[in-house]
Amino acid sequence: LAACDVDGCGDRNARLTDWSSWGGCSATCGPGEESRERAVAAIRAEGGRGAEAALLETRPCAETAPCDRADCLWGDWSPWSGCTCSCGGGQRSPSRG
């Protein structure tokens, strides 16, 4: 018996597609990230190696505009509430929104 020619069998290893284009930024202002992906184009054949590379990549977005900041504004104080007890102590308080 003699060995067969196995050079013509092609690549036995898994293959990945090319990277997709970078997607849009996850934020319209402030920090965000964008990602791209690829997929398994061919699974490994017997004796081949499986895909070990990443299928998803992320990176920070290029400069995005700073987000507007809005300071909180307090409303006016309400009148004092009624007392929590009718005798022997209790509490009352104002509130504001």
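What is the mean pLDDT of the protein chain, and what share of its residues reach 70 or more? The mean comes to 85, and 88% of the residues get to 70 or more; pLDDT is the predictor's confidence in each residue, on a scale from 0 to 100. This is a predicted model, in which local features need pLDDT of at least 70 and side-chain atom pairs count only at pLDDT 80 or more, while totals for chains, interfaces and linings use all residues. Residues are numbered from 1 along each chain as its sequence is written, and side-chain values use heavy atoms, with hydrogens and water left out.

On to the overall layout. The protein chain has zero helices and four strands, which run along the sequence as β-β-β-β. Helices (H or I, at least four residues) and strands (E, at least two) are DSSP runs, numbered from the N terminus. Confidence is highest in β2, at 96, and lowest in strand β3 (residues 40-42), at a mean of 91. Of the 97 residues, 7% count as buried, where buried means under 20% relative accessible area, exposed means over 50%, and partly exposed lies in between (1.4 Å probe, protein chains only). Among contacts in the chain with a separation of 6 or more, 46% are between residues 24 or more positions apart; a contact means heavy atoms within 4.5 Å.

Now for some individual residues. E34 sits in strand β2 (residues 33-37) and is buried, since its relative accessible area is 14%. Not counting residues up to four places away in sequence, E34 touches W22, G23, G24, C25, E57, T58, R59, P60 and C61. With R59, the side chain of E34 also makes a polar contact of 2.6 Å. A polar contact is a pair of N or O atoms within 3.5 Å; within protein, one must be able to donate a hydrogen and the other to accept it, and residues adjacent in sequence count only if both atoms are side-chain atoms.

D18 belongs to the loop between β1 (15-16) and β2. This residue is exposed, because its relative accessible area is 69%. Leaving aside neighbours within four places in sequence, D18 is in contact with E37 and R38. D18 and E37 are 19 residues apart in sequence, and their C-alpha atoms are 8.5 Å apart in space.
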